[in-house]
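Here are my notes on this one, as numbered points. Have the model open while you read.

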Amino acid sequence: MSQPAFDFGEEPLDDEANPTLTVAELADAINGSLRRSFYDGVWVRGEIAGWNDRGNHAYFTLADPDPEPEPARGGRRGGPGQRAVIHVQFFANTRLRLRPMLRKHRLELADGLKVRIFGYLDFYAPGGRLGLKMSGIDPRYTLGEIAQSREEVLRRLSAAGLLDANARRPLPLAPQRIGVVTSMGTAAWHDFHDELSTSGFGFHLHVADTRVQGDGAIEQVATAVDMLGTHQLDAIVVIRGGGARTELAVFDAEPIAQAIASAPVPVLTGLGHEIDRSIADEVAHTALKTPTACAAALIERVNTVRQAINDRSAAIGRSSERALHTATTRLDAHAERVAERTRAAVDRADQRLAGRVTAIATRTPLVLDRADLHLDACAARLGRRPNELLEQQAARLDLLDARRAAVDPAVQLARGWTITRRADGRVVRSTDDTALGVELHTSTIDGTVHSTVTSTTPSAAPRRPDPKAAS
């Protein structure tokens with residue numbers, strides 16, 4: 001269409017070729033053009049943002065997920081870093097119609113979800129804004145995007161060696177100090193807690209109350225697992241109840257998977273329903289179907305240990321009873337043998353005692369007779385012995401007296417011997433016992449001769465006199 005030339009000094013006039021439209025007429029024209037161009041509707045894919053419920057209606061923005069989307073056919077894209085968006089109206093009648101299909105695939109529309117939706121373009125005149133009236137959705141696209149994202153995360157975890165890292169952690173035989181990552185107050189928490197409480201076992205729970213869906217849930221869950229890993233625990237459990245796939249997609253997030261894989265103790269998961277399997281389940285030590293099943297697994301493990309202890313105790317009791325019965329039987333047999341041997345020994349001792357009594361009775365008169373004869377002989381010897389001893393001692397005294405007389409100085413003097421002493425009374429036996437001028441006293445049989453040494457003459461072979469003769 002050619003653009004008319006205007007004389008700005010004059011007011012242009014309407015004509016059939018260039019009519020002047022009101023805003024409402026322009027809006028109608030735009031909608032008519034849209035209906036003609038997109039008569040059968042249009043499929044659009046993008047990422048939900050700004051989800052807003054208004055009563056039974058919902059409004060959101062569908063944005064191109066790429067940071068720099070390709071330009072649309074016949075149009076232009078936004079500037080660098082901008083994303084093309086379109087406003088979507090999701091009215092109550094359409095929500096009600098699509099709800100069974102979304103529930104079947106367990107999808108919950110929310111921010112961040114990548115979708116492929118069908119609708120009709122509409123220019124809303126009061127708002128002056130082009131929008132898309134949503135009338136359908138392709139769940140396979142969303143599920144495929146979720147699956148593709150999961151596969152990429154699993155590949156990265158496998159390349160880093162984290163898929164089975166936590167599975168290699170040894171789970172204690174009776175884990176009772178348990179860290180719990182969940183949203184307290186939810187049915188999942190109550191199911192888990194009630195199951196443990198009614199078990200009768202003394203579980204000690206350290207609970208990290210976190211969001212398990214929505215904004216901030218990924219960061220809170222990962223932080224909670226890391227924090228519980230610093231405690232002295234036997235295991236950590238991560239639980240939440242069932243929900244839509246998009247809600248459970250929180251546990252497909254790589255930060256949570258890395259936190260679980262790096263935990264220093266085994267991590268057990270009980271997430272969603274039995275048909276759910278998240279990446280958190282893949283990297284966990286043990287993945288259970290539900291929070292209740294998670295609690296039941298812990299109870300069963302402790303109960304297995306208790307049953308094993310009871311079985312061992314019973315086995316020990318039975319073994320002890322058998323051993324005691326065997327020992328009692330053996331002791332009774334030993335006691336019987338001891339009793340028999342004791343009776344036999346007593347009988348033999350009685351026999352020996354009787355024989356000895358008989359022998360004593362027989363031998364006693366003989367022993368007494370021999371003792372009488374021995375006593376008589378001893379008495380006879382005793383009568384003779386004193387006289388014999390007196391005679392022997394008298395003869396010995398005579399001999400000693402004769403010996404004493406033989407060495408008596410008076411007897412020696414009578415025989416002509418003399419005894420010379422110094423003034424100090426010491427007997428002179430050698431010339432060495434005197435010196436010039438020494439006064440000597442010589443005893444004879446009839447007196448004492450006093451003299452002074454004027455000289456000494458030693459003999460050539462000095463001979464010491466017999467001390468016994470001089471004493």
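1. One definition before the rest: axes are lines fitted to C-alpha atoms, for helices over the stretch in contact, and angles run from 0 to 180 degrees between N-to-C directions. Keep in mind, too, that this is a predicted model.

2. With that in hand, take helix H3, residues 139-159. H3 lies across S1, S4 and S5, and its direction is at about 135 degrees to that of S4. Helix H1 (residues 23-37) also lies across S4 (114-124) and S5 (129-137). For H1, the angle to S4 is about 140 degrees.

3. What do those strands belong to? They are part of a barrel that five strands close, in the order S1-S2-S3-S5-S4. The pairing in this barrel is mixed. On average, and ignoring direction, neighbouring strands of the sheet are turned by 50 degrees against each other.

4. Look for Arg54, which stands opposite His57 in S2.

5. Back to H3, this time with a helix as its partner. H3 packs with H7 (residues 254-262), the axes being 11 Å apart and the angle about 30 degrees. Angles under 35 degrees count as roughly parallel, so H3 and H7 are roughly parallel to each other. Their crossing is right-handed.

6. Which residues make the contact between H3 and H7? On the H3 side they are Val153, Arg156 and Leu157, and H7 brings Glu254, Ala257 and Gln258. Sorted by class, the contact of H3 with H7 has three nonpolar residues, one polar and two charged.

7. The other helix pair I'd flag is H4 (residues 187-197) with H9 (residues 291-406). Their axes come within 8 Å and cross at roughly 20 degrees, which makes H4 roughly parallel to H9. Here as well the crossing is right-handed.

8. As for who touches whom, H4 contributes Ala188, Asp191, Phe192, Glu195 and Leu196 to the contact. From H9 come Pro291, Thr292, Cys294, Ala295, Ala296, Leu298 and Ile299. How does the contact of H4 with H9 divide by class, and how many residues are nonpolar? Nine are nonpolar, one is polar and two are charged.

Definitions and conventions:
Residues are numbered from 1 along each chain as its sequence is written. This is a predicted model: local features need pLDDT of at least 70, side-chain atom pairs count only at pLDDT 80 or more; totals for chains, interfaces and linings use all residues. Side-chain values use heavy atoms; hydrogens and water are left out. Two strands pair if DSSP finds at least two bridges between them. Helices (H or I, at least four residues) and strands (E, at least two) are DSSP runs, numbered from the N terminus. Contact means heavy atoms within 4.5 Å. Angles under 35 degrees count as roughly parallel, over 145 as roughly antiparallel, 65 to 115 as roughly perpendicular and the rest as oblique. A crossing is left-handed if the near helix is turned anticlockwise from the far one by less than a right angle, and right-handed if clockwise. Ala, Val, Leu, Ile, Met, Phe, Trp, Tyr, Cys and Pro count as nonpolar, Asp, Glu, Lys and Arg as charged, and the others, Gly among them, as polar.
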